[in-house]
Amino acid sequence: MDTLGKLDILAEAARYDVACTSSGADRPARAGKLGNASPAGCCHSFTPDGRCVTLLKVLMSNACSYDCAYCVNRRQASCPRATFAPRELAELTVDFYKRNYIEGLFLSSGVLGTPDATTERMIACLRILRDELQFNGYVHAKVIPGTSPELVDGLGRLADRLSVNLELPSAASLARLCPEKDRDQVMDPMGQIRRQRDEEERAGLARRPRRHRLPDPAREGLQLLSNGNRLTLRPRSQISTRQRAFAPAGQSTQLIIGATPEDDNHILQLSQSLYRHFDLKRVFFSAYLPMVDDRELPGRDTPVPLRREHRLYQADWLMRYYAFSPDELATPAEPWLDLDVDPKLAWALRHIDRFPIEVMDASLEQLLRVPGVGPVGARRILAARRAGPLTFDDLSRLNITLKRARHFLTCNGTRDRSCPLDAELIRAKVVSDARQSSYNRTRRMAEGQLSLF
Amino acid sequence: MLACDPTLEGVLSAVGIGYLAHERDGQLRLASARGVQPQLGEEVIRTPPASEDDTVAFARRVLEGFARRVTTGCRKVKANGCPEGCEAACVRRLVYVAASDDPEMPEIVHRYLRLGFSVGPRVRMLIADPRVAAFDGLARYVAGECEHTRQFVRFSHMSDGSFAASFKPNANTIPLTAAHFAARMGTERFCLVDPRHRVAAFHDPSGDGCQIVLLDAALANDLASRKDFADDERYVRAMWQRFYRGTTIPGRDRSQRGYDLRTHWMPQRLWEGLVELGPTTSTIWDGTPRSKSQAD
């Protein structure tokens, strides 16, 4: 089989891994080497459903010795199998990179015999890429649960970002659907990556102590363009990615949504815990697409839970950029996110007594709680109000989404004239607007009333 | 009305001319010489071409004066440049805005510079002022167009071993993004041409960075329509198309969402040069196996 034939099989086999970012590493161009890596990354194309294509995301092989029930590449699946030779994949990456198709390589694989044997093959590919082909661009490598710590270390020294996919949101679901994996096999590499990055940070700080200055949000509001990573409210690394040799862009994971019965509160609590314990950069959510028949899984006619995935991403954003806690978004008593209304608006409607907020004296934290005001908009308000009183027209010029925000703000003590005063009228208006959106109408039709759990 | 070349030098020199003529705010309007539409009673004066040395020198004086004015009173600027980046930020925005194709660009820059000369460093804080908002909006648009350039330029491997690409952005982004491609493709010789703005970036790994060259229409079209591809080009394109199609997940497209997310991120006006959205593999690839294939 030639490269084209293998690519056909191995790109399709990798498409259910949703992580596809090339951000987080800052590696300048070097003489004699090809490429660089920028903190913001770059999306080079978009799939028909709008997902970013930034890396050559393929499997090294889809011949897998594991039998995870949800996976299209499971051992028992009858599908065409293929395996890239390490050099073949490395050369393909360079060919695509030089044409500006991609920022680098996203390397994952089915389990070729054992996790260690598979990882050794992945490392061989990356060594050719880095050492022989002098590739200086971005690499994201997948750590296969059960891989030896020495090989995880070797992988992390060749890749910018590592990821270990949790896949299922509880140990019970993992045991039920993935008989060859267990919780420790997944968590151990995550813990190792965290420890090694922490050690690197301590060593970096010992060599070059750095005085940590908190950024001034108002100054950030004056920037023409914002690097999204700088607006997160989570703790930041004290050393730059250039000082790191091991997984400089950190680690991420993925959870499958809708294949198992865990609720949104459980998933958000789990995400928060992963961010805290393993310093993850991202938790990705993948709506389960029923592709295989298995009595443990939803039937093949079950609608893809796209809206649930979308709301979980919004909630995840609210935790990282807006300092919301999981219980504020989906409580143990009401553990599911509202599908029609975005989680921030739903929170604001549940706490409508805390509004309106006065733009001239609200703190960053208060502004971030206003529907329609994002991390950039909040910082722009802080910057603009230093020059004088703001009106609703001014907010519009600052690109605040007034359609939603106007109900929850006052400017110099004055409410917007088109906004109702009664809290119930506001609630009815914003909920009606949200429910009538094209997205919600289409999804309601697609999802119907079907519900698995 | 002053009709000027819609370039950084052309607009800055026109602003300087207005200042020297003691025209008050509201009595002078700038417009692009490419599409002058005077209002009733308005007199049109054509400024000197931006390519003249005197114009460039005069524009530089205006720019330096503006940079000085927006940092007036800053103690740090006297001690050690401008560590807060105010001066660089203002100048960078000017460069971005001047690359815009918007016919209102000269007047938007004019109003912003007048405000800056009038209020000094406070201009950085007045982000809700209509003049600053219009200026920042244009700068953001051009920055977005630069990002589109970095994203959607597609190079082809040519028969002489170099790489070539043609791209038609809605702003003059090639001079602003050439350094990005030079860093990314440091080991390669390449030519990136924009036939709409008649400008090209040439890079040679043995040289220092990129050379930006203004082209005439014929040369720009010739460079943009090169077809002397290397032997492996068709095969690599076919692979990229297969890869792109392989990444598509069923059940998540426009019909399932109610809106087209792909078009939102990837404007259709830029699809022309995208290999992945071009003719299908079977018509592009002639079936010749790739010479350096390492198939198992």
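Chain B of this predicted model holds an open sheet of five strands in the order 4-5-6-7-8, with mixed pairing; two strands pair if DSSP finds at least two bridges between them. Strand 4 (156-157) and strand 8 (210-214) of chain B stand at the edges with a single partner strand each, so one side of each has no neighbour in the sheet. Strands of a sheet pair through backbone hydrogen bonds, either parallel or antiparallel. Strand 7 (residues 199-203) of chain B runs antiparallel to strand 8 of chain B, and five bridges join them. In strand 8 of chain B, I212(B) is the bridge partner of A201(B).

Chain B has 12 helices and eight strands in total. These are DSSP runs, numbered from the N terminus: helices are H or I with at least four residues, strands E with at least two. Of the 296 residues in chain B, 41% are buried, that is, with 20 or more other C-beta atoms within 10 Å of their own, the C-beta atoms being placed from the backbone.

Chain B also touches chain A: 58 residues of chain B are in contact with 59 residues of chain A, contact meaning C-beta atoms, placed from the backbone, within 7 Å. Helix 9 (233-247) of chain B is among the elements that give two or more residues to this side, and the nine residues from helix 9 of chain B are its largest share.

Residues are numbered from 1 along each chain as its sequence is written, and chains are lettered from A and ligands numbered from 1 in the order in which they are written. As the model is predicted, local features need pLDDT of at least 70, side-chain atom pairs count only at pLDDT 80 or more, and totals for chains, interfaces and linings use all residues.

Technical notes:
Buried ≥ 20, exposed ≤ 12 C-beta atoms within 10 Å, placed from the backbone. Contact = placed C-beta atoms within 7 Å.
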